[in-house]
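Walk me through this protein model, please.

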Amino acid sequence: MKKEHVLHCQFSAWYPFFRGVTIKSVILPLPQNVKDYLLDDGTLVVSGRMQFHENRDLAHLFTPAHGTVPDIAEVLDKHLLDEGTIEIQDDPPTHSQPDSDDEAEEIQWSDDENTATLTAPEFPEFATKVQEAINSLGGSVFPKLNWSAPRDAYWIAMNSSLKCKTLSDIFLLFKSSDFITRDFTQPFIHCTDDSPDPCIEYELVLRKWCELIPGAEFRCFVKENKLIGISQRDYTQYYDHISKQKEEIRRCIQDFFKKHIQYKFLDEDFVFDIYRDSRGKVWLIDFNPFGEVTDSLLFTWEELISENNLNGDFSEVDAQEQDSPAFRCTNSEVTVQPSPYLSYRLPKDFVDLSTGEDAHKLIDFLKLKRNQQEDD
């Protein structure tokens, strides 16, 4: 994988060529001061005022989720989201009075003059452009940078989702995401060429929000302009309809690839993600480099690069179908796994200790435990 392959997978590099088969999006240049703010390693202070709009998606705070999820086929065709409204009362919160002087003393805030107040910077001009773009896309967007979306930070959002309505929503996700930080600091990790890193013009990508069902997303692997593998995107879950319809799904993706993708992307080797809606229509979601920086899901990169044993035990293809791409999905509930994004909710030191990835941290932890036992 070379650096030019990574550059070709930037959203702005491919979107103009595939605009007709993907989700409507707006690309905004990212100012340097916004980039500096997002990379600031201090305490998380979200810039911008948290404004509640009439159609703010807060219903989940008051009532359990119910009803059906809108079909992306209708959303993409109409470019319109039909959202309900929820009324937010502006009455100030009330506080009960302490029952005693002692209790009053316990809840007094510190008046220490040395206490610093953290204030987030404001970007009024950029914020205006972002809000105009969000409004033009129906009022809700899925945000990302040149390559990555903050999928690892969805848990910190108020709605536990990547659905954003304001710049504040976007900043909260971006400042909490390791994926976004990697886009800024290590965009060419795993690249084999030693040439100087090219200059990158960072951009904020806002994609029209659509309710995508995870069981309808697939990742496709292309080598020398040949589709060699298809993997269920949400491989941690079992979806009965995928097992039952895998031949039909494979055929739909192959037809889409031959008609819209093959020989039209800038490289011969690449990875692309698609969504197949309830009517069987296929939509392009994203492109990724063909290499270790991209999650190979139910394949291994050794298999994909060598093309050996791709079909394996995952697909029952006869001799006449050997040229068809390998199709892999989770075949039973026995193999269901926890989401790979759950580990991002924990401090990195905890994750390193639990997985044994950092031997030095493990040694320090064992020494600490030994010292505690000796003290006891």
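Phe 11, Trp 14, Tyr 15, Phe 18, Phe 257, Phe 265, Phe 270, Phe 272 and Phe 287 form one aromatic cluster. Rings of Phe, Tyr and Trp (its six-membered ring) count as a pair if their centres lie within 6.5 Å. Planes under 30 degrees apart are called stacked, those over 60 edge-to-face, and the rest tilted. The whole structure holds 20 aromatic pairs. Trp 14 and Tyr 15 make an edge-to-face pair, with 6.4 Å centre to centre and 70° between the planes. Both Trp 14 and Tyr 15 are buried. Buried means under 20% relative accessible area, exposed means over 50%, and partly exposed lies in between (1.4 Å probe, protein chains only).

The model is predicted: local features need pLDDT of at least 70, side-chain atom pairs count only at pLDDT 80 or more, and totals for chains, interfaces and linings use all residues. Residues are numbered from 1 along each chain as its sequence is written, and side-chain values use heavy atoms, leaving out hydrogens and water.

Another aromatic pair joins Tyr 37 and Phe 123; it is tilted, at 5.7 Å centre to centre and 55° between the planes. This pair links distant parts of the chain, 86 residues apart. Tyr 37 is in helix α3 (residues 32-39), while Phe 123 is in the loop between α5 (101-106) and α6 (124-136). Both residues, Tyr 37 and Phe 123, are buried. Lys 175 lies over the face of Tyr 37, 4.5 Å from the ring centre. Likewise, the charged end of Arg 182 sits over the ring of Phe 179, at 5.6 Å from its centre. A charge sits over a ring if NZ of Lys or CZ of Arg is within 6 Å of the ring centre and within 35 degrees of the ring normal.

Now the strands. The protein chain has twelve helices and eight strands. These are DSSP runs numbered from the N terminus: helices are H or I with at least four residues, strands E with at least two. Two strands pair if DSSP finds at least two bridges between them. Strand β3 (residues 203-208) pairs with β1 (residues 25-29) in the antiparallel sense over five bridges. Ser 25 stands opposite Arg 207 there. β3 also pairs with β2 (residues 141-144), again antiparallel, over four bridges. Here Pro 143 faces Leu 206. Both faces of β3 are covered: Glu 203, Val 205 and Arg 207 are buried on one side, and Leu 204, Leu 206 and Lys 208 on the other.

β5 (residues 226-232) and β8 are parallel over three bridges. Within that pairing, Ser 231 has Arg 328 as its bridge partner.

Where does Asp 273 sit? Asp 273 is in strand β6. The residue is buried, with a relative accessible area of 6%. Beyond its neighbours within four places in sequence, Asp 273 contacts residues including Arg 219, Arg 233 and Trp 283. Contact means heavy atoms within 4.5 Å.
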